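I want to jot down what I look up here, one entry at a time.

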Amino acid sequence: MSENKILKIKHVADLLDMHFHIPTYQRGYRWESKHVEALLDDLYAFSVQMSEIENKAGKFYCIQPLAVVVNKQLSTKDEIVYDVIDGQQRLTTLYLILSYLQDARKYLCSGSLTTSIFSLKYESRDSDFFDNEEFKKSDIKEAIRNIDFFYMTRAYKAIEEWFEKKQISPALILEVLIPKKYRITYGLVEDELKKTKENNDKENDVRFIWYEIPCDANTESMEVFSQLNYGKTALTATELVKALLFQCDIYTTDKSLMHEIAFRRSCEWDIMEKQLQDPFMWSMFMPDENFFASHITMVLLLVSNNLYTEIQEKNQNLKIDKNSKDFIYQVYSKYLGTNKEGDYANNVEKVWKKIQNTYTALYNWYKNPDTYHLIGLLIWLKEYKAKDFDSAKRFMLIESMMNEYSTKSKDEFIGYLKQQIASIIHIEKNVNTKEGVIPWGLDYINYNDNALQLIRILVLFNVEDVRTKQDESARFPFHLLRRFNVTSLEHIHPQNLILDNIKLDTLTKWLDVKTKSLHQLDNKKYDQDIAKLKTLIKDEESYKENKDAAQAIISRIDKEFDDLADMSESQMHTLYNMALVDKETNSALSNNLLDRKREILRDYQERKETYVLPSTQKVFSKYYSQAKEENVLPKLWTKSDRDAYFRAIEKVYDEFDFYYQNN
């Protein structure tokens with residue numbers, strides 16, 4: 001079966017030209033008079049409510065979901081026939097109501113709306129029953145040849161009696177089923193279609209939650225029906241939970257108020273979903289946009305875990321598989337329960353408050369610069385290069401933060417977050433080796449021994465660069481950090497080239513860059529060395545034979561740059577000489593001087609081919625040392641530059657490590 005679903009809100013009037021088929025496996029029509037009367041009471045109450053509310057537009061009474069799937073065998077290129085998987089009781093009753101209103105439609109509607117009505121066929125049953133409108137016969141015994149027809153005839157009689165006893169004008173019910181200003185959309189295209197749909201949506205009417213479930217060519221509706229009824233539905237948990245919360249015809253008390261509440265909640269739902277689609281807010285918690293089909297699923301899952309705990313406290317024998325695809329839906333369905341004595345409405349109210357409170361907490365975290373950056377950083381640190389940080393652990397972390405947030409003051413919560421981050425980035429000042437205890441700490445960790453920790457600390461440094469500005473609008477883009485994978489360690493001052501396993505084309509590129517750099521420095525004393533090196537590596541065979549001689553020249557040239565920058569081998573691979581870029585940009589920067597690297601970074605960012613971290617931009621602009629010399633030094637990463645840069649990193653690290661030391 002296809003994984004795609006179509007969830008829409010459809011006007012009843014949208015169904016008038018459609019064709020429905022009720023398969024044999026469906027339970028027959030069994031609505032009694034009380035069910036029919038309850039629906040009519042609801043429609044009447046909604047109609048009265050709409051007549052009393054001023055400036056209303058687009059409000060609707062929402063009937064429970066109608067789940068359908070295209071019947072490929074019965075459909076033609078000109079006519080689509082839908083198998084009704086769920087919702088046939090209401091759909092059939094609606095058919096009977098529209099049939100009763102046929103005379104009123106002739107006077108109150110126009111065009112095809114005066115007579116059109118969706119077709120309804122029951123498989124393996126007499127199709128003439130609907131075509132000949134046998135359900136309108138007063139003698140119910142005539143319909144006894146089929147139990148479904150018996151119930152339908154009795155339901156139609158209940159409709160007649162309801163209008164007669166209550167003396168209610170058919171126009172009141174018809175106006176909310178087929179509004180006067182509703183226009184048919186069939187045959188319309190593009191702008192005209194869009195405009196007509198927008199105008200129809202402004203009407204106050206009755207609508208269905210419409211689930212259309214696409215199937216593969218060889219998938220039958222029976223399979224869909226089985227899955228829908230045995231908890232293996234192809235619909236997303238989010239769609240089903242939304243239907244549970246917003247189905248407006250299940251409340252037993254003050255229905256007009258509940259209709260208004262459901263409408264308001266659906267608007268609030270849309271607002272939450274839209275805000276959660278903000279890439280900055282979403283990337284606080286999640287690694288990519290496709291983690292869930294709908295972003296509000298994150299909120300629903302957090303709430304469902306809480307609800308499941310409550311359910312188990314009341315019934316320890318109830319078990320729901322947390323790995324099940326429909327875990328969320330099962331939990332909400334169990335918690336909401338039945339409509340007995342208004343319990344459903346009360347439970348919906350409780351659940352909705354939990355959803356609102358959870359979303360509000362997440363939104364407050366996003367709006368506050370401190371919590372936004374610290375939470376986003378903590379989750380990123382937990383996930384980066386962590387094979388065991390699955391979705392369950394991600395949600396456990398968010399839930400633990402929720403608990404801390406609800407029990408701590410703002411300052412205590414910030415301290416808790418910093419302590420969690422500190423426990424990840426902490427580095428011991430000494431380490432035990434076979435040779436004995438050696439100094440370690442921030443000064444000594446290096447590219448070769450602990451690249452992961454270097455990356456973590458540099459990401460921390462960059463996030464803090466934005467957070468400490470305390471600008472309400474400034475947000476570190478965790479989504480760009482992930483999208484471009486800006487975690488490649490770049491040597492600010494180029495590391496020395498060792499020819500072991502270095503290909504000829506790599507060496508040729510290195511030589512080209514170094515030659516240009518020497519010319520930039522107006523350094524001509526290596527001209528002969530460069531000329532000789534070109535001869536030594538003129539082809540693969542020559543390069544192989546002269547590798548040692550080539551290495552000697554390369555080492556002399558590298559040493560020239562090391563001496564100019566006062567770069568020692570001990571600092572070459574440490575935080576004194578490391579910045580973060582993405583892998584492709586790292587290759588492009590190559591062995592260029594600082595000013596050229598700065599130009600490359602600017603070009604890549606302007607073309608939106610990368611995201612340049614704030615401290616990386618500053619590094620190649622000599623921001624930390626505030627260098628202003630108008631000579632060769634601005635092109636090189638000097639000792640004063642390195643020391644100033646390291647002190648800035650150290651300051652941030654120490655502020656967090658304080659929380660580790662005092663935990």
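**Cysteines**

I looked for disulfides, meaning pairs of cysteine sulfur atoms within 2.5 Å, and the count came to 0 disulfides. A reminder to myself: a disulfide is a covalent bond between the sulfur atoms of two cysteines.

Before going on, I noted that this is a predicted model, where local features need pLDDT of at least 70, side-chain atom pairs count only at pLDDT 80 or more, and totals for chains, interfaces and linings use all residues. Residues are numbered from 1 along each chain as its sequence is written, and side-chain values use heavy atoms, with hydrogens and water left out.

C109 counts as buried because its relative accessibility is 14%. C267 has 35%, so I wrote it down as partly exposed.

**Whole chain**

I found 28 helices and 10 strands in the protein chain; these are DSSP runs numbered from the N terminus (helices: H or I, at least four residues; strands: E, at least two). Of the 663 residues, 52% are buried.

Then I turned to contacts (heavy atoms within 4.5 Å). Among those between residues at least 6 apart in sequence, 72% join residues at least 24 apart.

**One glutamine**

Where does Q419 lie? I found Q419 in helix 17, which covers residues 410-425. Q419 is buried, because its relative accessible area is 15%. Leaving out residues up to four places away in sequence, Q419 touches Y659 and N663.

Methods: Buried < 20%, exposed > 50% of the residue type's maximum accessible area, 1.4 Å probe, protein only.
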